[in-house]
Amino acid sequence: MPILTDRKTQTQYDAIVVGSGAGGGMAALILALNGAKVLMIEAGRNYDPVTETPMFHTPEQAPLRGERTPDRVFGHYDATIGGWQVAGEPYTNKPGTEGAFWWWRARMLGGRTNHWGRISLRFGPHDFRCASRDGLGVDWPMSYDDMHPWYDRVEKLIGVYGENDGIENAPNSSPGILQPPPKPRIGELMAKKAGKGLGVPIVAAHRAVLSQPLDGARLAKELFPSNAKAQEIIARDMSMRAPCFWATNCVRGCSIRANFQSTTVLIPAALATGNLDIITDAMVREVIVGKDGKATGVHYIDKPTRRDMVAKAKVVILAASTCETSRILLNSKSLDQAGLANSSGQVGKNLMDSVGTTLGSHIPAMEDLPPYNEDGAGGIHVYSPWWLVREHAKLGFPRGYHIEMGGGRQMPSAKNFGVLDSKAPGVYGSKLKEEARRYYGANFGFAGRGEMVPNKDCYAELDPNVVDQWGIPVLRFHWKWSDHEIKQAEHMQNTFAELLTAMGGKATPKSGRDAIQRPGEIIHEVGTARMGAKASESVTNQFCQTWDVKNLFLMDGAVLPSNPDKNPTLTILALAWRSSEWLMEEMKKGTM
Amino acid sequence: MKWLAGTAAAGTVGPVIGAPGETEPAPPASPSRHPIYDPDFAKPGVFPWEKQFTAEELKTTTALADLILPKDDNGPAASEVGVPDFINEWCSAPYDDNREDSESIRGGLAWLNTESFRRFEKRFDELAAAEQVQIVDDICDDSIAKPEHKTGARFFKKFRQLCLGGYYTHSATWKHLGYVGNLPVAGPYPGPPQELIEKLGLQDV
């Protein structure tokens, strides 16, 4: 089995971490920095962005000029091994349920953190008490104030650009933490002007991309004030990350470590402690539980040899990604056919994904602009935080959405020229080249990312009939959008159409039902093992500890009781750090 | 058509971008890299399907592509940046959308040569430039093409898109679109020039 560290694996670890992404990487780092012996188990292969990222690779070097295909759904150069389909690892959707759920798996060290958009937004005060505000869903078992210091820590550790805009429910970071955001591009400034006229704020995006070098010595001291070894390791590792040089889209990964991926920001420092072993190509089947009901380790299959193996630890942390973590719990049936840590019956329930729609248009005022380098930070420079927080009586739907946007002259792709069919029909020869230049990049588009309310029709369970190639029962999904989401999607479309019109473009908004993207398509699925204040209604407490099994923790998106209008990764990182520190205290007290 | 063994489990049923659903059991996981699912970016792009065009189809493709995007002050001829090869690769790819495009394109190339034979008793690539233009002018705009030229017009529309797609997705030509990226820049991101911001009235936004 591939072991990434030169020691043999031990017979007993302090902690096993299943998964190597945001939650798993952070848990492993914090525990290892605190002296715990950790074994990380990753289902995918070892992956190293420093040597593997196609920085500067051009389209002509790739099949089909890098175009998206069913095998490479976000383009050839996207840093994904896996996708919505993984050979030999199927899942099913219950026939007759309204929407077919698409389940993303990233089978690689670092998981989705290798190819995500790096958008890093804090959940806000209203989000943590959403049910108290509008009677829908459930509250979190803690408040924004409890999480604020952890968001500060995470932003310091990983480096996030953005600004403090003082917007209700889009909280400010403490002073001196956020790095300067990159300047807006022309299309974004035009959108901002249009937004002003419509009352839609457009402000600097928050993204986990370094715009400046990190002051490792200072930050490490602030983050780990009583741990000299941690300071040394973190200071050194931080100082080896380079700031962004404004080329190569983040979805390819980053060989200079300018953006956040678990593989370049969490795992190297964790390995440097000497307290972490990593096994890759290992699929965990179930958590093993002793007669006393405590977890003793995990049973996994070593994929290359197809041999079953057991790893033992005092504490087990599942961070295999939302649905994979629940799947492991459901398949751990030694105590109860309903699965492990499932006395509440909530495992698999309350599955959520973001509400997503897009709309774009040709923008005449963007034609024939003098060229300048628009690559920028390889992702959004601006966004709109939800601005109608107090208008729900008028809106007719709960919660809200943020808006991502972009356009202009990006690296050309083969399908960028459809506009010429309507704008320059029948043209060929030198004149066609002039038209191509005129219209290229003269477009702008908006994408919404909204909050859905958890409902009883959206959940995952084990399929009674289907197993994957490892013999592990697969998940069967159920899904139905409610009217809340459909109306929200419609509002997005109407807002985008107004913005595009104000920019001089022309776009017809779709109906909510036609516009809303497929469940799972936004790849922000969370829930299925929600945290809560009461054991009867939730799977874990606020520190990600399962109520039923005191030495079993869940540190990925599975524990989120709501899916606010902000991308979940920053919160997953903050929860994992907070929970890992709490776990360390409990281990010292001997309660594990 | 040869397709790599083991990719049959790719499961291309359903919509283009990859639907959920059951995939067939895959062969045992092997530690070696898969050229499609897990490309090795350190090596040049692997083109894992056989290119299907015959030599004659390639000649026709080249002639038409160079007519659509000729060599001039705004860049090289289409054939100089691999456009015919790209169209061949596109039409040979095993995905549903590419299969559809392939039928349109290869059928259209045949249609073009037949039309050329009818008019001049020669293949399209054997015609003089003026003769080629005669035919192309009849099919370049599908909204005004005559009924007997509609097939050619539908083909031309798709072919023109593939020419544009293959022409400008190339580091030798993309500057002609005004794309000046893919270069490292030290320091803060410079952003748009101030004169441009002011010219567009965006300075107080």
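Two strands pair if DSSP finds at least two bridges between them. This wording applies to the views below, which show a predicted model.

**View 1. A five-stranded open sheet in chain A.**
Two bridges join strand 12 (residues 382-384) of chain A to strand 13 (residues 401-407) of chain A, and the two strands run antiparallel. Ser384(A) has Ile403(A) in strand 13 of chain A as its bridge partner. Both strands belong to an open sheet of five strands in chain A, with the order 6-12-13-14-11 and antiparallel pairing. At the edges are strand 6 (203-204) and strand 11 of chain A, each of which pairs on one side only. Helix 15 (residues 483-502) of chain A packs on this sheet, where it touches strand 11, strand 13 and strand 14 (443-450) of chain A. The direction of helix 15 of chain A makes about 20° with that of strand 11 of chain A.

**View 2. A three-stranded open sheet in chain A.**
Strands of a sheet pair through backbone hydrogen bonds, either parallel or antiparallel. The open sheet shown here has three strands of chain A in the order 4-16-15, and its pairing is mixed. Strand 4 (92-93) and strand 15 (459-467) of chain A stand at the edges with a single partner strand each, so one side of each is left without a neighbour in the sheet. Strand 15 of chain A runs antiparallel to strand 16 (residues 473-478) of chain A, and five bridges join the two.

**View 3. The hairpin of strands 15 and 16 of chain A, with helix 11 of chain A.**
How many residues lie between strand 15 of chain A and strand 16 of chain A in the hairpin? There are five residues between the two strands, and in the turn Gly471(A) has a positive phi of about 85°. Helix 11 (residues 322-331) of chain A lies across strand 15 and strand 16 of chain A. Helix 11 of chain A runs at about 60° to strand 15 of chain A.

Leu335(A) is found in the loop between helix 11 and strand 11 (355-362) of chain A. Is Leu335(A) buried, exposed or partly exposed? A residue is buried if 20 or more other C-beta atoms lie within 10 Å of its own, and exposed if 12 or fewer do. Leu335(A) has 17 other C-beta atoms within 10 Å, so it is partly exposed. Apart from neighbours within four places in sequence, Leu335(A) is in contact with Val289(A), Gly293(A) and Leu340(A). Ile186(A) is 149 residues from Leu335(A) along the chain, and the C-alpha atoms of the two are separated by 60 Å.

**View 4. Helix 5 and helix 17 of chain A.**
Helix 5 (residues 144-158) of chain A packs with helix 17 (residues 569-589) of chain A at an angle of about 105°, and their axes are 9 Å apart. The two helices of chain A are therefore roughly perpendicular to each other. From helix 5 of chain A, the residues Met147(A), Trp150(A), Tyr151(A), Arg153(A) and Val154(A) meet Leu570(A), Leu573(A), Ala574(A), Trp577(A) and Arg578(A) in helix 17 of chain A. By class, the residues of this contact are eight nonpolar, no polar and two charged.

**View 5. The two domains of chain A.**
Chain A is divided into domain 1 (1-161 + 244-354 + 453-481 + 522-592) and domain 2 (182-204 + 355-450 + 482-515). Their C-alpha centres lie 32 Å apart. The contact takes 26 residues from domain 1 of chain A and 25 residues from domain 2 of chain A. On the side of domain 1 of chain A that touches domain 2 of chain A, twelve residues are nonpolar, eight polar and six charged.

Chain B has six helices and zero strands. Of the 205 residues in chain B, 34% are buried. Among contacts in chain B between residues at least 6 apart in sequence, 55% join residues at least 24 apart. The contact of the two chains takes 74 residues from chain B and 81 residues from chain A. On the side of chain B that touches chain A, at least two residues each come from helix 1 (55-68), helix 2 (83-92), helix 5 (150-168) and helix 6 (194-199) of chain B. Helix 5 of chain B supplies the largest share of that side, seven residues. By class, the side of chain B that touches chain A has 47 nonpolar, 20 polar and seven charged residues.

Key
Residues are numbered from 1 along each chain as its sequence is written. Chains are lettered from A and ligands numbered from 1 in the order in which they are written. This is a predicted model: local features need pLDDT of at least 70, side-chain atom pairs count only at pLDDT 80 or more; totals for chains, interfaces and linings use all residues. Helices (H or I, at least four residues) and strands (E, at least two) are DSSP runs, numbered from the N terminus. Two residues are in contact if their C-beta atoms, placed from the backbone, lie within 7 Å. Axes are lines fitted to C-alpha atoms, for helices over the stretch in contact, and angles run from 0 to 180 degrees between N-to-C directions. Ala, Val, Leu, Ile, Met, Phe, Trp, Tyr, Cys and Pro count as nonpolar, Asp, Glu, Lys and Arg as charged, and the others, Gly among them, as polar. Domain bounds come from an automatic or database domain assignment. Angles under 35 degrees count as roughly parallel, over 145 as roughly antiparallel, 65 to 115 as roughly perpendicular and the rest as oblique.
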